[in-house]
2 protein chains.
Amino acid sequence: MNSVFSILTDGTVVSPRGYSAAGVAAGLKRNNQPDCALLVSASPATAAAAFTDSAVAAAPVLYGRDLMSSGQVLRAVFVNSGNANACTGDQGWRDTLATAGAVARQLRIEPNEVLVSSTGRIGVPLPMDKIIAGVGKAVRGLSPAGGEAAAAAIMTTDTRPKTAAASLEIDGCQVTVGGMAKGAGMIAPKLVAASARQATMLAYVTTDAKVSGAFLEECLCRSLDLSFNRITVDGDGSTNDTFLALANGQAGNHELTAEHPQAAEFAAAFNWLAGYLARAIVLDGEGATRFVELRVHGAATVAEARQCAEAVANSVLCKTAWFGGDPNWGRILAAAGCSGVRLQPDRLALNIQGVPMVRNGVDAGTPLFEQEKAVATDELKIDLALGAGDQEFTVWTCDLSYEYVRINADYRT
Amino acid sequence: MNSVFSILTDGTVVSPRGYSAAGVAAGLKRNNQPDCALLVSASPATAAAAFTDSAVAAAPVLYGRDLMSSGQVLRAVFVNSGNANACTGDQGWRDTLATAGAVARQLRIEPNEVLVSSTGRIGVPLPMDKIIAGVGKAVRGLSPAGGEAAAAAIMTTDTRPKTAAASLEIDGCQVTVGGMAKGAGMIAPKLVAASARQATMLAYVTTDAKVSGAFLEECLCRSLDLSFNRITVDGDGSTNDTFLALANGQAGNHELTAEHPQAAEFAAAFNWLAGYLARAIVLDGEGATRFVELRVHGAATVAEARQCAEAVANSVLCKTAWFGGDPNWGRILAAAGCSGVRLQPDRLALNIQGVPMVRNGVDAGTPLFEQEKAVATDELKIDLALGAGDQEFTVWTCDLSYEYVRINADYRT
């Protein structure tokens, strides 16, 4: 099936009908940077979500898991940056409830129609006076043009907002999916459906399509391995990862379910959007100078392909070699060899940018200057064959630079 | 039982009786740096070894595994640095055999009495002309005072040789254990007895005690979790890790077995030596500015304590925070939370240098300036309690600095 959606220029989370958003500064970040975002649907929206599976999940994640298990209709999402409200105990839980309550009161909706997300430093109680003021300011700032402002307000170490949208026709109606995401470090999300595993990444997808709860959840779950669960900046998990999808039905299509004749078309647009946002996170990875698409194939199982790909992607020796533009394929094979997966040492094959580096487990004979030419690019495609089966998995990652160390040795200041 | 051994000043691998060693330059490294080491026992020595369990083990490791399964008596160990002889296929295997053969011929011993180790760049065939010349030069250079030279010749990115020795009395005879090790990067060994998991670290322990093969293997295996298998510099596995123990019996004691009344005393000296060498590797970790001893306790199982400790120790966010002197305990809890082990979020407790950072899962209330004072030290002791049981595991690791990135972005040049 061909993709039949079109990508909207300057698309955001408010590109679909019936959504408004705001991004305001409430003093959680320094220098009057925007730090509170609000996203509102004019009508109740079917919701599906995936969260970190960290055993130390932040209060807003615990709240979100509860919310999503008790019902799937939401009206609003409030997000603060600058403070993760994680490892804050009972106080953190009460603060999340109070935040949801304040949003509900001001929007005249129910608290259980409000999802709350937080991102930032761990272990510091939320300054609730600032949060409550931020809620008021955000409600007053709501605008059908507020998508870019909201995307900017959820950033932490991100260098740019991440937004996109796409449109397609379903049942003769124009349907739009829009989204925003944040995240640059502590990125190795393993999200599991609300019924999600890790990293501080937040992503929100909106659509004006009418979608059944079950099919929206199916779309979200199926997109994970093609998007947020295939990215890793630093291999580090977070307490706050959240991926939420909202569908408010304002496009006028017949309800999308798995049986709808255009279900696959909608899913394709959804997958593109989730993939775009996930890739945008890695492209903006802390200190990243190269994007790396690493495909491990010839694995005995998909799980082993993934395990091997993640081991290589998270190897600091591989990441620093990529930063240095060093075609040091020995580090890739060493990481694969210690990843605990089945492989045939004498059948290993490795290509970088299509250039043979390894054949039958040994040097492929490509002259060094050609190896070096292959890695001299901003976006590396690496292809590793294990010779142990026919399963594969692809991860998106980046290099590890001096700038990564600078950012993270000095996050607080 | 008190330790009854004494540490020898300037002890090396030739401190025990009956050993000689050499370290010479054969042109594998630049600038005429020493790159071939030879260690010889004057009489046949009982041997025990552990190797990497990498699925991409180097030729000398494959050879060593074979050797150690067919017999346990060795006379010599030849080590080259500058080239790992890994991912070199059949040629690599033949080169290892040829190296062992050359050593055997020149020493008039059997090839199967010679263990060979290699460390350095992966994927480049050994320059056998230089190796053979190196063997000759090393044999001619053998000396009962050659311990320091041998330890220098096995170094790669190490900044200093690592050697030690200790003595104790057994059956009225003076028994000495000596050792050398190399390794600074690609260090996260998981050694499994010859009958080992990963990293390029090499370690050799000699003793003049008479020790049964079974008890020597027991000593070696039991020392692993207290030494090489508790260290990680970068979490990266290698193709070449080797830990070998030799016992030539020249001290004149009754054979040490598990039943010998002084078995525990010998084991204590052995453990101290292995631990000393392992710690020396982390202290010399690539670019390391801080040594970190991380103890995870209150775990449901030892395996979970270890899994959690390794997750924190290998977290680049934790490592860069330690480099920055940032008491960012949230990153430690985040890494623990995503490590996949059982823990009680509201019972987590964390101390750094004995200073409470976290109690009951939340900030312990220690003022920030006291937190910062606690982490301002070259050797950090971190203590994390999971509240899920009574098992524990301790790892030794280091921070991740700009220098680590420099070394590894530019290893070849």
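Two strands count as paired when DSSP finds at least two bridges between them, and the strands themselves are DSSP runs (E, at least two residues; helices are H or I, at least four), numbered from the N terminus. You're looking at a predicted model, where local features need pLDDT of at least 70, side-chain atom pairs count only at pLDDT 80 or more, and totals for chains, interfaces and linings use all residues. Residues are numbered from 1 along each chain as its sequence is written, while chains are lettered from A and ligands numbered from 1 in the order in which they are written.

**Stop one: a strand pair.** Select residues 6–7 and 162–170 of chain A: these are β1 and β6, antiparallel and joined by 2 bridges. Click A:Ile7 and you'll find A:Ala166 of β6(A) opposite.

**Stop two: the hairpin.** A:Ala165 has A:Gly178 in β7(A) as its bridge partner. Which turn residue has a positive phi? That's A:Asp171, at about 55°, in the turn of 2 residues between the two strands.

**Stop four: where A meets B.** Show both chains: 51 residues of chain A and 52 of chain B take part in the contact (C-beta atoms, placed from the backbone, within 7 Å). On chain A's side, select α9 (329–337); α9(A) gives the most, with 7 residues.

Definitions and conventions. Two residues are in contact if their C-beta atoms, placed from the backbone, lie within 7 Å.
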